[in-house]
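Here are some numbered points to read beside the model. Please keep the structure open and find each residue as it is named.

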Amino acid sequence: MAGLQDIRRRIRSVKNTQQVTKAMKMISAVKLRKSQERLVALRPYAGKMMDVVQRVVGRIKGDSEIQPGPAAQAFLTPREEKRIRVVLVASDKGLCGGFNANVLKAATAFATETQAEIVHLDVVGKRAAEWARKRKLTATGEYLNIPLAGFQRVVTEISEGAAAQYHAGEIDALYVIYNYFNSPVAQTPTVFKVFPMELDRRTESREAAEVPHLLEPDPNAVLETLLPRFVETELLRNLLESSASEHGARMAAMDKASNNAGEMIAKLTLTMNKIRQASITNQIIEIVSGANA
Amino acid sequence: MSQTIKLEVVTPERPVFSAEVAEVQFPTAARGYYGILPGHTPLMTEVGDGLLYYVQDGQKHWLTVFGGFAEVGPDRVTILARESETVDMIDLERVEADRQHALKLLKEAQTEHDLASAQAALDASLIRLQAAGHPAGHGF
């Protein structure tokens with residue numbers, strides 16, 4: 001049995017660890033609130049944007065009178081997906097439960113399934129970069145240690161780059177693999193295709209009876225400004241989802257760690273008390289039996 | 001056919017406005033103001049900078065809008081604005097300070113680009129002042 005001193009030392013060390021995990025949990029809670037606020041504010045806008053794009057684009061597809069210009073076509077007409085661009089979003093730091101493992105598992109599955117011959121990969125977060133390196137994939141873009149305020153810049157860079165690549169025929173589709181933020185304790189790894197647009201069948205059938213939109217001043221001008229904004233909004237939303245998910249996952253993981261540490265302290269304290277009690281009992285017995293003799 | 005339109009104004013920062021209204025008028029980027037009544041044909045256009053008004057219970061109310069897109073259907077108007085605020089959200093003192101600052105920049109502007117951005121800032125502050133019913137906005 002371990003000595004009293006050793007157990008005391010262990011309790012102290014576990015207590016220190018618990019303090020660290022508690023502090024990390026608190027920090028994550030604050031960061032989660034910041035990311036979540038921005039995400040919750042953006043979601044209605046992104047949702048409406050998605051609705052509008054679906055309605056407008058869905059009808060243009062059915063309407064042969066409008067000849068979409070090159071920019072609009074880029075987003076409308078699916079080409080065979082031979083060359084794709086994938087943005088993989090994970091975190092920079094660990095200690096956040098299954099957050100990275102789940103999204104990277106989804107990425108691995110996507111990598112084996114994809115029919116594409118050429119994949120341009122962008123990685124956001126160190127964990128994503130490490131994953132790419134392990135698989136000997138070269139990332140064309142690496143975005144590490146991006147603060148919340150820096151998201152917009154990353155989003156603009158990727159979406160403008162991707163749009164230009166589509167025009168030049170260098171890529172046929174843009175995917176994002178990220179963690180969808182369900183709630184602070186639940187994230188779902190998601191593979192999302194930004195463009196070409198996958199139309200929701202519900203919208204198509206429900207709205208089929210309505211007349212197509214007038215696009216003023218002219219269809220191509222509207223689509224050429226609308227679609228890049230749409231891609232940007234979706235990318236920004238995906239980054240925010242991932243950021244909120246990360247902090248949520250870390251908060252949950254640290255909460256669990258703090259609880260486990262608490263349990264461990266309780267267990268160790270119990271053992272310590274038992275040992276102390278045993279030694280006291282032993283001493284009393286010795287004294288009593290000594291007196292009897 | 002319904003007699004009202006569902007007007008929704010959202011920005012990336014927050015949902016600004018959502019309610020049933022009788023009439024909407026908003027500025028477009030290319031063709032001046034569009035007035036929308038219930039039963040309008042579906043339409044999609046780019047929104048300009050300026051004042052949007054809607055009529056609710058016979059009263060006109062104002063919102064500022066800065067860029068973005070509008071989608072119109074028979075019973076809805078959805079504005080995806082880059083920026084937008086209701087009159088309540090406008091901080092008069094700050095806008096007045098912005099206006100003074102923009103005026104100063106306008107005088108000091110060296111390049112074409114500086115001039116354009118200063119003018120845009122001045123216009124934005126004037127739109128906000130006008131929305132809030134401030135006398136300085138009426139010259140706009």
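1. A residue is called buried here if 20 or more other C-beta atoms lie within 10 Å of its own, and exposed if there are 12 or fewer. The model is a predicted one. By that count, 35% of the 293 residues in chain A are buried.

2. Begin with the overall make-up of chain A. It has seven helices and six strands. Along the sequence they come in the order α-α-β-α-β-α-β-α-β-β-α-β-α. Take the contacts in chain A between residues at least 6 apart in sequence: 80% of them join residues at least 24 apart.

3. Which residues of helix α4 of chain A are buried? In this helix, residues 126-134, they are Arg127(A), Ala128(A), Trp131(A) and Ala132(A). Viewed down the axis of α4(A), the buried residues fall within an arc of 140°, so they line one face of the helix. Arg133(A) and Lys134(A), on the other side of α4(A), are exposed.

4. What do the buried residues of α4(A) pack against? Their partners in chain A are β1 (83-89), α3 (99-113), β2 (118-124) and β3 (139-143). After α4(A) comes Lys136(A), which has a positive phi, near 60°.

5. Helix α5 of chain A, residues 151-167, contains Ala164(A). Is Ala164(A) buried or exposed? Ala164(A) has 12 C-beta neighbours inside 10 Å and therefore counts as exposed. In sequence, Ala164(A) is 123 residues from Ile287(A); in space, the two are 90 Å apart, C-alpha to C-alpha.

6. Chain B is split into domain 1, residues 5-88, and domain 2, residues 91-139. Their C-alpha centres are 23 Å apart. Seven residues of domain 1 of chain B are in contact with seven residues of domain 2 of chain B. On the domain 1 side, the elements that give two or more residues are β6 (49-56) and β7 (59-73) of chain B. The residues on that side are four nonpolar, two polar and one charged.

7. The strands β6(B) and β7(B) also pair with each other, in the antiparallel sense and over eight bridges. Tyr53(B) has Trp62(B) in β7(B) as its bridge partner. The two strands form a hairpin with two residues between them, and Asp57(B) in the turn has a positive phi of about 50°. Strand β6(B) pairs with β3 of chain B (residues 23-27) as well, antiparallel and over three bridges. In that pairing, Glu23(B) stands opposite Val55(B) in β6(B).

8. Now the contact between the chains. How many residues does each chain give to it? Chain B gives 19 residues and chain A gives 20. On the chain B side, two or more residues come from each of β1 (5-10), β5 (43-46), β7 and β8 (76-86) of chain B. Strand β5(B) gives the largest share, four residues. Sorted by class, the chain B side has nine nonpolar, four polar and six charged residues.

9. Three bridges join it to strand β6 of chain A (residues 214-216), and the two run parallel. Opposite Met44(B) in β5(B) stands Leu215(A).

10. In soluble globular proteins, nonpolar side chains tend to be buried together. In this model, the largest nonpolar core has 83 residues. Those with the most contacts inside it are Leu88(A), Val89(A) and Ile79(B). Helix α7 of chain A (residues 219-292) gives the largest share of this core, 16 residues.

11. What is Ile79(B) in contact with, leaving aside its neighbours within four places in sequence? The residues are Glu8(B), Val9(B), Phe26(B), Val47(B), Val65(B), Gly68(B) and Ala70(B). Another core, of five residues, lies apart from the largest one; among its members are Val95(B), Leu126(B), Leu129(B) and Ala131(B).

Definitions and conventions: Residues numbered from 1 in each chain as written. Chains lettered and ligands numbered in written order. Predicted model: local features only at pLDDT ≥ 70, side-chain atom pairs only at ≥ 80, totals over all residues. Domains from an automatic or database assignment. Contact = placed C-beta atoms within 7 Å. Nonpolar A, V, L, I, M, F, W, Y, C, P; charged D, E, K, R; others polar. Pairing = 2+ DSSP bridges. Arc of directions from axis to C-beta. Core = buried A, V, L, I, M, F, W, Y, C linked by C-beta atoms within 7 Å.
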